[in-house]
Amino acid sequence: MTPADDGADGVARVPRIPGPRRSADDHADLTGRTPEEREPEEPVEEPDVPVLSHGVLKSLLGAWALSACSAGETAAVEAHLTECGPCADEALRLRDAVALLHRDRDLDLDPLLRSRVLENCLGRRPARIPIPGWVTPYDAETARLDALLRDIGESEWHAPVRLKWYEEDRPVRRKATVAGVIGHLFAVDGLVAGALGLDDPLGAGTPELSPSERTEAFWSGLERPPGRALREPWRDQSHALIRTVSFAGRGVADLTVTYKDFALPLRDSLLERAFECWLHADDIAHAVAYPYDPPCGAHLHEMIDLATRLLPAALAGRRRSGLAAPARQLVAAGAPGRSLHLEVEGAGGGHWYIALDSPAAVGDPDQAVAQVAMEGVEFCQLVAGRVSPEEAAAGQDGDREAIRDVLAAAASLSRL
Amino acid sequence: MAKDTPPRWDRRMQQRLARGEAAALGELYDRFASLVHSLAHRVLDDDAAADQITREVFGYIWENPDAYDPRQGNMRAWVARLTQRQAVHRLRLAEATAYAETGVGSAEELEQKVRRASVAARADYIVTSMPAPLRAALELAYFQRRDYRQTAADLGVTEDEARRRLRLGLQLLSTAHTRPFEGTSPPGHGRTP
């Protein structure tokens, strides 16, 4: 609409209704003056008041109440309000409504509130179909990531995220976006969904692929750069996983989930997914400059425990390809063997004894040849390839070769 | 996965809660916790009190899923009404206690305070439930201080349409003074929490 400007006289009339509010009430006024002080001091040039039809004037009432029209239109509306009762009533109502606008303050919702609220509910009425305890890390981590995604703006979905991991003892970097990371989580969670008979996000009949291959396949199958629209399918899938496992009964914990090159029982697989969810949520939070806490101590402990259980096999694999020192002892399956004592400090911490010479051996405090002390979060970052083995080791003591091999094996657990 | 339309989602959720599915409770929380917490905070202006209301509202729903009647509107509006009722109840209690202790205040002042808090909470609810195009226009004009021509350009609509959206958005918002929570936002337009 182009307002007709035919030089109407623009006689200033006193509006019956005070002018609209100038600005959002929760924006800081950098001049340090109150709006009351500011208003009258502004030298206002007498605007050209356009002549507008009643229909146009009425349509301008919302914009007028929000101070979102031109000076001329504002004057025209205010002149009109002195002579049109219905418009004056509506103007008053809309101006009062503007005072009700208020900035969302959802950012402050405490992520720990969820478990407290749910616990309280379940104390009042026990669930007939509970969520198995081993699923709660996945439930908690997906909920925390979802709350973060809820708070970020549309444009932040395209913020660059640099993914890091280790391949053949060398750090690998790959550029992605926030939405791309959600696509990655969606595609790899889909592997677990497939094992449970749920729909595969890559489509029915997708061949067995590794997590990285699944991710690449998902990314290359997208018609345009992914955005916020990925949140819902990712979240629906994680909800469906939790629900399906809740209904499936006890035996499902041992169901085998195949990742092409390796396999995990479902209970470990969902723990691994919780771990990935946290670290990628942390990547995302970092990319959009939001704070993000580590998981609660009990869940962190479970994640560390899983990594320590995977380490002996990772060591053996590296030994076969000449990346780790040869075994020093022959250990009978199930017998205690040479071990590395991992002491994890802080929330989720504890003591683990990692068998060095064979995945079949049992870690043994009496045969510890080396000790490494680390913070729990730092250990997880090492396992996820976010920090290097050289950076990670804080306190070390004992057999240096064993320490180097274990830390390198920990980093080798990382992948896209 | 087929996308559930709101009434279908509401009915299914009610059935799953009645069945005692803990996973459904988690999903309910994920969908409505920020609504409940922000409305309670708007009435009580206190984080700990809003946490407590959140606990009470979800506890009530989990124990009484059958109290929801889909014919009375959508679940979101029901959850908002429960929250409002609980928060206002708590506000009255807190004010009555303060009055008993200090003797400051009057019944009229309390009623005025309750009314202001209720209107503010309803307004927040209306903003989060109004059709997304209207909310986007208000967001630009109020929070980003764009005039309606810039708003039109940002949204890729005509200036006529921008004026219409701003006016309609404020008209909806102004009903906070008169109407209770209503669950009548058109399907597909409501904000995904």
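**Conventions.** In this predicted model, local features need a pLDDT of at least 70 and side-chain atom pairs count only at pLDDT 80 or more, while totals for chains, interfaces and linings use all residues. Residues are numbered from 1 along each chain as its sequence is written, and chains are lettered from A and ligands numbered from 1 in the order in which they are written.

**View 1. The helices of chain B.** Chain B has eight helices and zero strands; helices (H or I, at least four residues) and strands (E, at least two) are DSSP runs, numbered from the N terminus. Along the sequence, the pattern of chain B reads α-α-α-α-α-α-α-α. A box of roughly 55 × 50 × 25 Å, taken along the principal axes, is filled by the C-alpha atoms of chain B. Of the 193 residues in chain B, 44% are buried; a residue is buried if 20 or more other C-beta atoms lie within 10 Å of its own, exposed if 12 or fewer, and partly exposed in between, with C-beta atoms placed from the backbone. Two residues are in contact if their C-beta atoms, placed from the backbone, lie within 7 Å. Counting contacts in chain B between residues at least 6 apart in sequence, 69% join residues at least 24 apart.

View 2. The pLDDT, which is the predictor's confidence in each residue, from 0 to 100, averages 87 in chain B, and 91% of the residues score at least 70. Confidence in chain B is lowest in H5(B), at a mean of 87, and highest in H3(B), at 96. Over residues 184-193 of chain B, pLDDT stays under 50, and the model has 20 contacts beyond four places in sequence for this stretch. Where pLDDT is low, the predicted coordinates should not be read in detail. For the complex, the predictor gives an ipTM of 0.83 and a pTM of 0.82.

**View 3. The side of chain B that touches chain A.** Contacts link 49 residues of chain B with 53 residues of chain A. At least two residues of this side of chain B come from each of helix H2 (22-44), helix H3 (47-63), helix H5 (107-129), helix H6 (132-143), helix H7 (148-155) and helix H8 (159-174). H2(B) gives the most to this side, with 12 residues. By class, the side of chain B that touches chain A has 19 nonpolar, 13 polar and 17 charged residues. Ala, Val, Leu, Ile, Met, Phe, Trp, Tyr, Cys and Pro count as nonpolar, Asp, Glu, Lys and Arg as charged, and the others, Gly among them, as polar.

**View 4. The crossing of H5(A) and H8(B).** The axes of helix H5 (residues 85-98) of chain A and H8(B) come within 8 Å and cross at roughly 80°. Axes are lines fitted to C-alpha atoms, for helices over the stretch in contact, and angles run from 0 to 180 degrees between N-to-C directions. H5(A) is therefore roughly perpendicular to H8(B); angles under 35 degrees count as roughly parallel, over 145 as roughly antiparallel, 65 to 115 as roughly perpendicular and the rest as oblique. On H5(A), the contact is made by A:Arg93, A:Leu94, A:Asp96, A:Ala97 and A:Val98, and on H8(B) by B:Leu170, B:Gln171, B:Leu173 and B:Ser174. The residues of this contact divide into five nonpolar, two polar and two charged.

**View 5. The crossing of H10(A) and H2(B).** Helix H10 (residues 231-248) of chain A and H2(B) have axes that come within 9 Å and cross at roughly 160°. H10(A) and H2(B) are therefore roughly antiparallel to each other. Their crossing is right-handed; a crossing is left-handed if the near helix is turned anticlockwise from the far one by less than a right angle, and right-handed if clockwise. A:His239, A:Ile242, A:Arg243 and A:Ser246 in H10(A) meet B:Ala22, B:Ala23, B:Gly26 and B:Glu27 in H2(B). This contact of H10(A) with H2(B) comprises three nonpolar, three polar and two charged residues.

**View 6. Two loop residues with a positive phi.** Most residues other than glycine have a negative phi. A:Lys260, although not a glycine, has a positive phi of about 70°. A:Lys260 is found in the loop between strand E3 (256-258) and strand E4 (263-265) of chain A, and is partly exposed because 14 other C-beta atoms lie within 10 Å. B:Arg145, also not a glycine, has a positive phi of about 55°. The loop between H6 and H7 of chain B holds B:Arg145, which counts as partly exposed with 15 C-beta neighbours inside 10 Å.
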